[in-house]
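Please examine the sequence and the model shown below.

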Amino acid sequence: MTMQIKKLMTLPSRTGRHLQRYNQGFRLVVGCVPYRIRKGSRSSLLHGISIEDLEVLLITSQKSTRKMLPKGGWELDENIELAASRETLEEAGVVGILGEKLGQWIFKSKSQEKYHEGSMFPLLVTEELDVWPEKGLRKRIWMPVNEAVEACADLWMKDALHAFVSQFKARTRVEGERLTKSCRLADYSLDLKLRMKS
């Protein structure tokens, strides 16, 4: 899917609503919480990454300095994961590894006075592009997660960031438990081999 997304790099952003998906009258919107491990973090990928080691990418609105997560319409010719990745590439100029869906939120559009249903995914950023479709319309801002929650303009996006933190902590805890069990098993195996030699 990454190659499919990267092909979109040179195309203009999609516009119009003729392919837009709806659910019971709600326009379906998808997007991502793009994140990375903070530069200079002492954590390794295998041991103890904490939420404090992460930065989240926010973008500005096309028409103001209001900060938000990248998101946009989910269209009929794409699955939800492709739509979330495409919108993130178009608006924020990043690609990466998509995680499990964080949840769904119903929210009212500020510009159209209509309700939308938004789904968000975490995206571990693997590449930050120099050129992307909406480069001239938006600014990118990396910041710690707690600052992103404060800076994000929309309440539903703040909720998505809280869901990201919860999912990240749960995943980190499970991976830590697996690593601990694996170390215990390795210690047990080594102890057993040493006893058999004696």
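Tyr 115 counts as partly exposed because its relative accessibility is 43%, where buried means under 20% relative accessible area, exposed over 50% and partly exposed in between, with a 1.4 Å probe and protein chains only. The model is predicted, so local features need pLDDT of at least 70 and side-chain atom pairs count only at pLDDT 80 or more, while totals for chains, interfaces and linings use all residues. Residues are numbered from 1 along each chain as its sequence is written, and side-chain values use heavy atoms, with hydrogens and water left out.

A pair of aromatic rings is described by the distance of the centres and the angle of the planes. Rings of Phe, Tyr and Trp (its six-membered ring) pair if their centres lie within 6.5 Å; planes under 30 degrees apart count as stacked, over 60 as edge-to-face and the rest as tilted. A search of the whole structure finds 5 aromatic pairs. In one of them, the ring centres of Phe 26 and Tyr 115 are 6.3 Å apart and the planes stand at 45°, so the pair is tilted. This pair links distant parts of the chain, with Phe 26 in strand S2 (residues 26-37) and Tyr 115 in strand S8, 89 residues apart. Strands (E, at least two residues) and helices (H or I, at least four) are DSSP runs, numbered from the N terminus. Phe 26 is partly exposed, with a relative accessible area of 26%.

Another tilted pair is formed by Tyr 35 and Phe 164, whose ring centres are 4.9 Å apart with planes at 50°. Because Tyr 35 lies in strand S2 and Phe 164 in helix H4 (residues 155-197), this pair ties together parts that are 129 residues apart in sequence. Both Tyr 35 and Phe 164 are buried. Ring pairs also join Tyr 35, Phe 164 and Phe 168 into a cluster.

Leaving aside neighbours within four places in sequence, Val 56 is in contact (heavy atoms within 4.5 Å) with residues including Tyr 35, Leu 69, Trp 142, Leu 161 and Phe 164.

Where does Arg 138 lie? Arg 138 is in the loop between strand S8 (115-128) and strand S9 (140-144), and counts as buried because its relative accessibility is 10%. Its side chain makes polar contacts with those of Glu 91, at 3.3 Å, and Glu 134, at 2.5 Å. A polar contact is a pair of N or O atoms within 3.5 Å; within protein, one must be able to donate a hydrogen and the other to accept it, and residues adjacent in sequence count only if both atoms are side-chain atoms.

Gly 72, in strand S5 (residues 71-73), is buried, with a relative accessible area of 8%. By contrast, Gln 24 is exposed, at 77%, and is found in the loop between strand S1 (22-23) and S2. Phi of Gln 24 is near 50°, a positive value in a residue other than glycine.
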